[in-house]
Amino acid sequence: MSDYMVAERELNLAELAYTQIRRMILEKELPSGMSVVEGRLADHLDISRTPVREALMRLAAEDLLVKQGSRSFAVRNVSATEFFQGIHIREILESEAISLSFNRLDRNTLENLRREVIELGETPEQTAAQWQLDDRLHLMFPRVSGNTVLLRTICELRTLTRLCEVTYPLGRVPASTREHLAILDALLDGDNNGAREAMVMHLRNVATDCMDILRGG
């Protein structure tokens, strides 16, 4: 095998390791504060250490991991202050993303997404499929807007707030289902302002529920 092919294979494995470890963090298989050891992850993923090391360094650069030792990391803990600050900025950016994408959204896509929201909303526990649907809905607007900086920023903020949400499960699948439907229904009705308001209300409700959990409510 040529040096080029070996290098390309290592890059592909590093991307695979990155994707898998990132998913494990955001779906709470690796909870906040947990040590992440290169060798153990390599064995778990059945991937050699070099691509796993590259994936861990990349995740550390994205602030999903913090360095703990020469060969180990820990899943980052997000403070309550960071969470609420992140939610506030998301209100501003995600409502704006709705306006920027409003005339570009595909009606069939919205209708299909609405059906999925209803279907997954029948399961009260937060599942991996629900997190993935949540990502698709919230990231649809900045993606369709064509504003790559907006998309990247919202992705980073969603990662920040997700780390807190998986640490303190809010148990709000039924509420999120209603709120997501309110956003989609406003869009299907051609109501840009209504969709913006529904998005802001949804994020504020998430913040309120998180505050109740932190207060022991």
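Analyst: This is a predicted model, where local features need pLDDT of at least 70, side-chain atom pairs count only at pLDDT 80 or more, and totals for chains, interfaces and linings use all residues. Residues are numbered from 1 along each chain as its sequence is written, and side-chain values use heavy atoms, with hydrogens and water left out. The largest nonpolar core has 55 residues, and I21 and F141 have the most contacts inside it. Such a core is a set of buried (under 20% relative accessible area, 1.4 Å probe, protein chains only) Ala, Val, Leu, Ile, Met, Phe, Trp, Tyr and Cys residues joined through side-chain atoms within 4.5 Å.

User: What does F141 touch?

Analyst: Leaving out residues up to four places away in sequence, F141 touches A97, I98, S101, L105, I183, L187 and M199. Contact means heavy atoms within 4.5 Å.

User: At what angle do α4 and α6 cross?

Analyst: Roughly 55 degrees, with the axes of α4 (residues 80-101) and α6 (residues 128-145) coming within 8 Å. That makes α4 oblique to α6; oblique is what remains after under 35 degrees (roughly parallel), over 145 (roughly antiparallel) and 65 to 115 (roughly perpendicular). Axes are lines fitted to C-alpha atoms, for helices over the stretch in contact, with angles from 0 to 180 degrees between N-to-C directions. Helices are DSSP runs (H or I, at least four residues), numbered from the N terminus.

User: And α8 with α9, what angle there?

Analyst: The axes of α8 (residues 173-188) and α9 (residues 192-214) cross at roughly 165 degrees and come within 8 Å, so α8 and α9 are roughly antiparallel.

User: Which α8 residues meet α9?

Analyst: S176, E179, H180, A182, I183, A186 and L187 in α8 meet G194, A195, A198, M199, H202 and N205 in α9.

Technical notes
Helix = DSSP H or I, 4+ residues; strand = E, 2+ residues; numbered from the N terminus. Buried < 20%, exposed > 50% of the residue type's maximum accessible area, 1.4 Å probe, protein only.
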